Structures are given as structure tokens and as C-alpha cells.
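Please find below a colleague's note, written for a reader who is new to structural work. It should be read beside the sequence and the structure.

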Amino acid sequence: MVNVLIIGMIALSIISTLFTFFQDIVVQKRKQRKHLLLSTICMFLPILFLLFIIFEPVSTDTRLDMGVEMLNAGEYINAEKIFEELGNQEMMLETKYAYAKQLYADENFEAAVKIFIELGKYKDSEQYLQRAELLISSSNSNLADSDNLQTEQSKLYSLAYQYYENGQYIQALDSFKALNGYKDSSEMLKKCIISVREESAHTISAGIRLVFAIKNDGTIISGGDSNYFDFTQWKDVVSISNLGSIAIGLKKDGTVVSTGPYSIDISDWADIVSISAGERYVIGLKSDGTVVGAGHDLGDGQLQISGWSNIVAIATGWRHTVGLDSDGCIHITGYRSSNQLAEINKNKSEWSDIIAIAAGGGGSVGTGHTVGLRADGTVVAVGDNSYGQCNVSEWTDIVAIAAGDWHTVGLRSDGTVISTQPNSNLYSAACDVDNWSDIVEVDAGCGYTLGLYSDGTVIALGYNDYGQREDTIGWNDIKVMPK
């Protein structure tokens, strides 16, 4: 609409100039006034158009999108003002909650406590309040041996164990860390880190051209276009990821290794529990719930993750990054991320109880899509659906998900696999997984699908232009992670 108005303004300006030029040579004097009047109108119309553009009211949806973008960029105060103006109480609470969690992550516990008190029972504000108050008390040497501190430590210890028993390892980890050696919290902290790494580990990885896997002896086996990737020095790797020009591996000690034609600096990464690789960029989830990144941003903002906190899972597409926090909220940044976030916020009930995420697409084909696995085994998806990659609404009994460029794959609890069906025969081979069984892990690449059997052998379907399918024939002894 704005482009049309600008074009109209320019056209009318040209007409105005022409009338002004020729009015002096008009022969009939009695018509001169009419021409002058028309010229004057043409001179003022562009100004009216310009004023309309400047003062054109912004729609509620646009304001909401602006607020969501600010929220995800960490501009909490400005975001809250917009949601307050819109009368959107839910988003106001979410913004306050995100701000309080950021203050907590920044160790500004006093400020965080004030907001968590305001939030009351919203999400897990009470748990955060308890941990923050304990940390404040612990920092006061006069209260170090007080009965009050002992009571608070005991409450938090019970809460941490409850998180651990329920499989909420990131939340348990944060609580045990706050206990600072109370009872066996140091040992439990180590157990939480190991559990997070095992739960999020991937021992097979399907990229654009490269396919590789971890063997039981800790070495790497690779296929496809692997000439530019050197895995000979990789040892003690527990999880892997690749998409295009970078392959990364997470080691037992929480450090990360990389290889590929596009070099990145991750030498200072430590305390990492999960990894994911996009096209020429990578991200890592730290045990404290923050996220780090390295590589090329491509101007799309896929590495704008410094404000994320309390993240429990991460995923990368070609040019967008997705995070899942401990409250089940989705964070997205990168190419067209605002569109996906707006859609998620409009369908909050569908995007509730999310326990796992996947991201795909976003290269030369499509704009990328994001997939969420719900606690009840159903799946939701948002983003580019050009090839039906978001048609997952009827899936049930799913325990793991993977997203490729043009398709989405789900692993059922019985070891069978389901895939979206593209509306093009060009990509259908990668989706013919109905006969797969006894599968324990899946991954989706660019036009092909990779599956790991419980006996450590591998199956692949789809594209084979670089040998990424045929090279996996005969693979065995691939590491199977406990799930």
C-alpha cells in the first residue's frame, strides 16, 4: 500500500511540474485560470499523500509484532509499554517474567525478586523467587549460619530433587548450583549436566551434502561430500551436528570441536550441554541455560541470542535459530523469525507444553520452518509450508522430531517413523519411511532422511547426489544413546 502511494506521489509531482511549465504558453487566456487551478491542486496532492503516509495508523497486529520483536530482542521496558497500550495482559505478564529471568541470569537478584513477587504464581515465579532469596541470603555472611538460611536451603534442595526426578534437568541443575555445595548438591549438579548432554545428544547427523555419525569407540565415520571435513583428531565426542559448511561435535568435558571449509572460533566455549549447526554458524547451550554462538550472521540476526536465558533446548535451520525455555516458551531469531513468532503467539494454546524443537529449511528454497513436540506426543509446526513440511497436525505418539529443508520427520514410541509428504515427486523418496521400524534416532537433511536402528546400523532414503545415501550402506557399530 505504501509503495502504491509513493508511486502516485511521484507521478502527481511530475504532472504538477509539466502543468507549471506549459501554463505560460497556453494561448487561450480564459482557460489560463483553470490550468493554474489544476496545477495548484496537483502541487498539493503529493503533500496530502505524504501526510497520509506519515500519519497512517499502525494496525494492532503490527503493534503486537513490534512488541514481540522487542521482547525477543531483550527490550523489555519498551515491549511492556506496547503491550500495555494494547491492553494485552498476557503479553505484559510474559514480558515482566522474561525481564525478571534476565535479571536473575545477570545475578541482579534484588531487582529480580521485586518482579517475581509482583508476578505471584505466574509460571514458576515462586521457584525463581525462592532461589533468588536464597542466593541473596547466602551472600550475607551474617546470615550464613542462620536457621532461616538452613530452612531455605532445605526447601530448595527438595525442589531440585523433584525437578531431577521429573527429568527437568536444566531446572534441577540451576537449583543445585544455587545450593553451593549444600549436602550432595555438587554431585547432583554433575549428574544433571550428564543427563542434559545424554538427553539432547545426537549420534547421527544429516546435513546438505555431509552425513556423519559417532561410533561406539568414539571415532567418526562420514560420507557424502566429506572431503573438506577432517575428523581424525576428534575424540570423546558425545553429540554431533552439521548443516552446510560446518560440522561440530560436543565433547564429554563440555568443550566443542569443529571442522569444515568455513572456519569458526569456538576455542573459548566451555560448559556446553547441547549444540546445533546452521549454515555457516553454530550455537551452543550452556549448563546455566544461556546460549552462545559463532560464525556468520548473514544480516538476518540468527546469532542475536545473547539475551536468551533458562533455555533447555536449541535448534537451527539454514538462517534461523530456535530456543525452548524452561517454561515451554519458544524463542526464534533470524530470517523471517518475526513472522513465525507472530503466528505462534496467535496460537498459544497449540504451542503449549512443548518439550522438544526442530528447525529446517530457509535456504534457497523456502523461508524455513519450526517444529515443536508437545508432551502428549502431538506435533505443531509453523513457517514455510511450500512442500507440506508443516502438515503435522494429525501426528500422535511422537517422541522425537527432525526437520529438513523440505520435509519433517517424527519418531514414534514404538520405533516406527512418520514423515510429511511433499507435493512434489522430486522430494518424495526422502519421505518413504512407512516401513521403518526399530528406529531409535532420526535426522532430516537436504532431500534425504537418516535413521539409526537399535542395533547400531543405519538406513538412509532420498537424495544421493554426493553419495550421502549410498555411503551409509554397511555402517554399523554406531553409538546408541540411552533415552
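This is a predicted model: local features need pLDDT of at least 70, side-chain atom pairs count only at pLDDT 80 or more; totals for chains, interfaces and linings use all residues.

1. Three strands form an open sheet in the order β13-β14-β15, and their pairing is antiparallel. The edges are β13 (354–360) and β15 (379–383), each of which pairs on one side only. On average, neighbouring strands of this sheet are turned by 20 degrees against each other, direction ignored.

2. Six bridges join β13 to β14 (residues 369–374) in the antiparallel sense. Within the sheet, Ala356 stands opposite Leu373 in β14.

3. The helix across the sheet. Helix α11 (residues 337–346) lies across β14 and β15, and runs at about 140 degrees to β15.

4. The search for cavities. How many cavities of 30 Å³ or more does a search of the whole structure find? The search finds two.

5. The largest cavity. This cavity has a volume of about 100 Å³. Its lining includes Leu71, Tyr76, Lys101, Trp308 and His331. The elements that give two or more residues to this lining are α3 (60–72) and α5 (89–105); α5 gives the most, with three residues. By class, the lining has four nonpolar, six polar and one charged residues.

6. The second largest cavity. About 70 Å³ of space lies here. Among the lining residues are Asp124, Arg131, Asp174, Asp288 and Ser326. Both α7 (125–138) and α9 (169–179) supply at least two residues of the lining, and the largest share, three residues, comes from α9. The lining divides into two nonpolar, five polar and four charged residues.

How values were computed
Residues are numbered from 1 along each chain as its sequence is written. Side-chain values use heavy atoms; hydrogens and water are left out. Two strands pair if DSSP finds at least two bridges between them. Helices (H or I, at least four residues) and strands (E, at least two) are DSSP runs, numbered from the N terminus. Axes are lines fitted to C-alpha atoms, for helices over the stretch in contact, and angles run from 0 to 180 degrees between N-to-C directions. Contact means heavy atoms within 4.5 Å. On a 1 Å grid over the protein atoms alone, a cavity is a set of points where a 1.4 Å probe fits but cannot get out, and a pocket is an open set with protein on both sides within 12 Å along at least five of seven lines; lining residues have an atom within 4 Å of a point. Grid points are joined across faces, edges and corners, and a volume is the space filled by probe spheres set on the points. Ala, Val, Leu, Ile, Met, Phe, Trp, Tyr, Cys and Pro count as nonpolar, Asp, Glu, Lys and Arg as charged, and the others, Gly among them, as polar.
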